[in-house]
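Subject: Structure for handover

Hello,

Please find the structure below. My notes on it follow.

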Amino acid sequence: MFKKNFSRRAFIKQSSLASIGSALSLGLVPSLFASINKAAQTPAILGGPAAWDTRKWPKWPVWNPETDEKRVLEVLRSGVWSRAAVVTEFEKEWAAALDAKRSLAVANGTNALIVALNQFNIRGGDEVLVPPYTFIATVQAVLANGAMPVFVDIDPQTFQMDPAKIEAKITPRTKAILPVHILGLPADMDRIMAIAKKHNLVVIEDACQAHLAEINGKKVGTIGHAGCFSFQNSKNLPIGEAGAIVSNDDAFMDRCFSYQNLGLPYGSVVGSVGTGSIREGTKVRLTEYQAAIGLAQLKRLDAQTTTRNQNAAYLKSQIENIPGIIPYKLYDNVTRGAFHLFAFRYKKEDFKGLSREDFLKALRAEGIPCASGYTTLNNQPFLKEVFQSKNYQKIYPKEMLDYNKYLEQNKCPENDRICNEEAVWFTQNLLLGTKSDMSAIAAAIEKTHKNADKIKKAAKI
Ligand SMILES: *Cc1c(COP(=O)(O)O)cnc(C)c1O
């Protein structure tokens, strides 16, 4: 643990820095520069000055009452709050932003995935290939349809599902691949689509973190048979809670619309009777005021995405030569990232054995918010619970529900290392800052690297 009295040392350092201004005028410059420099090089966690002021980071979500509230108020005052023209307008704009034929807005990204899987008829007894490095919603969407998630390990360099490991996981039950563009960085869709075609599998892209990311100029979410997006508050296009399905397949999109609206007829989905539900459905419709917020946010998404790309590239260039820091890698055909997160791998061997946890504490003390990211998903007890449920017991043969066997078959050692030891994240709002913000992050990491030994010793006390 770091000792309390470091804050006392911090106080002494800071007060000596404060007196430097007056000392400068007394002509004591050379020796003072040396001491300023030395103080600046002392890690904040050991009492030095912080590299940055945490309060300076851009706030999220961005909201400008003057430009953003007019439409929302109009909707509120109209009294038309359930799905109507504003939702349709948002869907049109979202489809246009992605160059997709159709878009359907729903209550959230989780339900976008649930509906999409369901309307490709992926249900009990089917297997869906998923990466283990994702938000839990990806896996829950598979389970919600009674299907079986099968984990394909990731490529640690890109953090994405590793296409080289997909074919070994395909069985006669496999119906779909659910690649996730995790961190807002595109998965290797060319290879995934080729494998899917060969084995006749449906591909549903989880693009919940990847708004406007591109492969060869084509937006992710429009490369597979369908793409799913989230507009939850932390996401790059924040509405609070909302989501969308996009696809060029009209019949599929009509089925999705009908399903999210209680199985009522829609488009090519017609019934023999004029009124009422004609098929199974649920109700996960978006509201008009949510769509009005979405329309406002959509206006700034493109410019924000450009800023995130520029800052991510700059930050990467500033830290990739620090030993023990290995930033994300993009596949060669990626033309734009969404950078929902900026991630790198931390190798403690190059930091004198300083644990990731203590490295994160040191960065936070420098004023840099950071996190270790996801925990492993492929070995969580909730899967055991699901396997014991009535539906799963009725649908699957016993050996498929043997939890220990499942764990064995779904091992993902690369993901284990990333989750348990190496990943470090900065959230996307940091990437909306300035170039000096990025330099401050790099300086904090550099400082921590130089002083890794001292920090480690202090952490042990
Ligand atoms: C956020 C997210 C989801 C779920 O979206 P919600 O809108 O929160 O339901 C699914 N997958 C990934 C990868 C996500 O990041």
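Phe344 and Phe359 are both buried (under 20% relative accessible area; over 50% is exposed and anything in between partly exposed, with a 1.4 Å probe and protein chains only). This is a predicted model, so local features need pLDDT of at least 70 and side-chain atom pairs count only at pLDDT 80 or more, while totals for chains, interfaces and linings use all residues. Residues are numbered from 1 along each chain as its sequence is written, and side-chain values use heavy atoms, with hydrogens and water left out.

Aromatic rings

There are 21 aromatic pairs in the structure. Rings of Phe, Tyr and Trp (its six-membered ring) pair if their centres lie within 6.5 Å; planes under 30 degrees apart are stacked, over 60 edge-to-face, and the rest tilted. Phe344 and Phe359 are an edge-to-face pair, because their ring centres are 6.3 Å apart and their planes stand at 85°. Phe344 belongs to strand E12 (residues 341-346) and Phe359 to helix H11 (residues 356-365), so the pair ties together parts 15 residues apart in sequence. Helices (H or I, at least four residues) and strands (E, at least two) are DSSP runs, numbered from the N terminus.

Both residues are members of one aromatic cluster, formed by Tyr328, Phe339, Phe342, Phe344, Tyr346, Phe351, Phe359 and Phe426. Over the ring of Tyr328 sits the charged end of Lys316, 4.6 Å from the ring centre. Lys435 lies over the face of Tyr314, at 4.7 Å from the ring centre. The criterion for a charge over a ring is NZ of Lys or CZ of Arg within 6 Å of the ring centre and within 35 degrees of the ring normal.

For Thr110, a side-chain N or O atom is 2.5 Å from an oxygen atom of the ligand. Lys235 has a polar side-chain atom 2.9 Å from a ligand oxygen atom. The protein covers 94% of the 380 Å² of accessible area that the ligand has on its own (Shrake-Rupley method, 1.4 Å probe; for residues, only the protein chains shown count as cover).

Overall chain

The chain has 17 helices and 13 strands. Of its 461 residues, 54% count as buried. Its C-alpha atoms fill a box of roughly 95 × 55 × 40 Å along the principal axes.

Backbone and loops

The peptide bond from Trp60 to Pro61 is cis, with omega near -5°. Pro61 is in the loop between helix H3 (29-41) and helix H4 (65-78).

Phe159 is not a glycine, yet has a positive phi of about 70°. Its place is the loop between strand E3 (148-151) and strand E4 (174-177), and Phe159 is buried, at 1% relative accessible area. Leu212 also has a positive phi of about 70° without being a glycine. Leu212 lies in the loop between strand E5 (202-206) and strand E6 (214-215) and counts as buried, at 5% relative accessibility.

Glu385, in helix H12 (residues 381-387), is exposed, with a relative accessible area of 55%.

Regards

Technical notes:
Polar contact = N/O pair within 3.5 Å; in protein donor to acceptor, adjacent residues only side chain to side chain.
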